Amino acid sequence: MIEIDHLTKRYNGKAAVDDVSLVIEAHSITAVVGTSGSGKTTLLRMINRLEEPTEGAVRIDGVDNRSVHGYELRRGIGYAIQGYGLFPHRTVAQNIATVPLLLGWEAGRIKARVEELLALFQLDPALYGPRYPHELSGGQQQRVGVARGLAAEPNILLMDEPFGALDAIIRTKAREDLQALQKQLGITIILVTHDIEEAIQLGDMIAVMDAGKLIQYASPADILTRPANAFVKELIGSGERPFRLLSLRSIREVIEPGPADGAPLSASISQRDALAEMLWSGRRALPVEDAAGAAIGRVTLDALTRQVLRPS
């Protein structure tokens with residue numbers, strides 16, 4: 001768990017991050033979203049002490065991150081940035097091995113870890129390990145960048161606009177891969193983005209920032225259905241757009257196994273009608289039944305709101 005407690009960063013007397021407090025649960029993905037200059041990258045960099053706070057504290061599992069040397073802290077926190085930051089004159093295997101080498105791991109352990117990560121990211125170690133970054137596609141470079149961030153087996157991965165350099169098709173696949181990876185490894189991911197679609201698709205929680213302040217910290221469902229102010233409404237593109245999209249989609253796309261209380265929904269209705277019923281009843285999940293009245297699962301508010309910004 002990461003506790004950000006009244007964190008402030010000033011440059012020449014002006015606050016880039018202004019009295020931000022939030023708690024990030026372990027084993028989750030938190031997306032920090034906002035316009036350029038909102039303070040989101042500065043907030044991220046204070047977690048691994050690439051920036052030192054002017055006021056406030058960051059605690060990781062209850063321990064103040066200033067209680068250890070910065071270089072020691074950073075060795076235990078993965079970091080992936082836009083452009084991937086790969087060393088151009090080092091091979092893929094050497095890039096991934098950077099932090100384990102600094103930590104003094106034995107050669108055999110490093111080799112095994114590099115091969116494990118390449119296989120995890122569906123890159124054949126024998127084929128891709130000896131290659132150099134310029135020999136890879138953008139999507140492959142992105143995977144190697146994340147693999148390097150995970151090389152020392154960190155519990156936390158910080159990501160700063162990691163998909164910004166990818167085209168739309170590759171970016172969608174990269175997001176899906178990241179979600180699958182997080183579920184498999186159980187790591188805590190904090191991802192900075194200016195893209196609300198990305199935040200909603202990836203985040204278990206979303207922190208919306210503007211002018212250094214935390215405007216709203218909530219689940220994707222709450223961000224979409226209960227935006228805190230006009231800025232958040234504008235950011236998500238409020239109005240009829242989300243509901244038009246949901247009206248085109250069947251509830252069957254988002255039915256999942258599991259119980260739920262409340263009056264059951266028919267599997268024949270649209271996602272828009274299901275969302276309206278959920279908001280009206282104040283429930284976060286409702287059961288779904290088929291035409292014969294048999295229970296076939298449930299639909300959740302989170303599942304519906306994640307569909308809002310999905311391409312039509």
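How many of the residues of strand E7 (residues 156-160) are buried? The points below take up this question and then turn to the pairing of the strands, the pockets and the cavities.

1. Basis of the note. This is a predicted model, in which local features need pLDDT of at least 70, side-chain atom pairs count only at pLDDT 80 or more, and totals for chains, interfaces and linings use all residues. Residues are numbered from 1 along each chain as its sequence is written, and side-chain values use heavy atoms, with hydrogens and water left out.

2. Strand E7. Strand E7 is mostly covered, with 5 of its 5 residues buried; buried means under 20% relative accessible area, exposed over 50%, and partly exposed in between (1.4 Å probe, protein chains only). Strands (E, at least two residues) and helices (H or I, at least four) are DSSP runs, numbered from the N terminus. In a regular strand the side chains alternate between the two faces of the sheet. In E7, Ile156, Leu158 and Asp160 point one way, while Leu157 and Met159 point the other way, and all are buried.

3. Partners of E7. Two strands are taken to pair if DSSP finds at least two bridges between them. E6 and E7 run parallel and are joined by 5 bridges; within this pairing, Ile77 has Ile156 of E7 as its bridge partner. E7 is also joined by 5 bridges to strand E8 (residues 188-193), again in a parallel run. There, Asp160 stands opposite Val192 in E8.

4. Strand E3. Strand E3 (residues 29-34) is likewise mostly covered, and 6 of its 6 residues are buried. One side carries Ile29, Ala31 and Val33 and the other Thr30, Val32 and Gly34, all of them buried. E3 pairs with E8 in the parallel sense over 5 bridges, and the bridge partner of Thr30 in E8 is Ile190. E3 also pairs with strand E9 (residues 205-210), in the parallel sense and over 5 bridges. The bridge partner of Gly34 in E9 is Met209.

5. The sheet of E11, E12 and E13. An open sheet of 3 strands has the order E11-E12-E13, with mixed pairing. Its edge strands are E11 (265-266) and E13 (295-300), each of which pairs on one side only. Strand E12 (residues 285-289) and E13 run antiparallel and are joined by 5 bridges, and Val288 stands opposite Gly297 in E13. Helix H13 (residues 271-281) lies across E11, E12 and E13 and runs at about 135° to E12. For such angles, axes are lines fitted to C-alpha atoms, for helices over the stretch in contact, and angles run from 0 to 180 degrees between N-to-C directions; contact means heavy atoms within 4.5 Å.

6. The largest pocket. A pocket is an open set of points on a 1 Å grid over the protein atoms alone, with protein on both sides within 12 Å along at least five of seven lines; a cavity is a set of points where a 1.4 Å probe fits but cannot get out, and lining residues have an atom within 4 Å of a point. Grid points are joined across faces, edges and corners, and a volume is the space filled by probe spheres set on the points. The largest pocket has a volume of about 470 Å³. It is lined by 20 residues, of which Arg74, Arg75, Ile77, Tyr79 and Val99 lie nearest its centre. Two or more lining residues come from each of helix H2 (70-75), strand E6 (77-81), helix H4 (98-102) and helix H7 (138-150). E6 gives the most, with 4 residues. By class, the lining has 11 nonpolar, 6 polar and 3 charged residues; Ala, Val, Leu, Ile, Met, Phe, Trp, Tyr, Cys and Pro count as nonpolar, Asp, Glu, Lys and Arg as charged, and the others, Gly among them, as polar.

7. The second largest pocket. This pocket has a volume of about 320 Å³. Of the 20 residues that line it, Ile60, Asp61, Gly76, Asn155 and Ile156 are the closest to its centre.

8. Cavities. The structure holds 2 cavities of 30 Å³ or more, and the largest cavity has a volume of about 50 Å³. Its lining consists of Phe121, Gln142, Arg143, Val146, Ala174, Asp177, Leu178 and Leu181.
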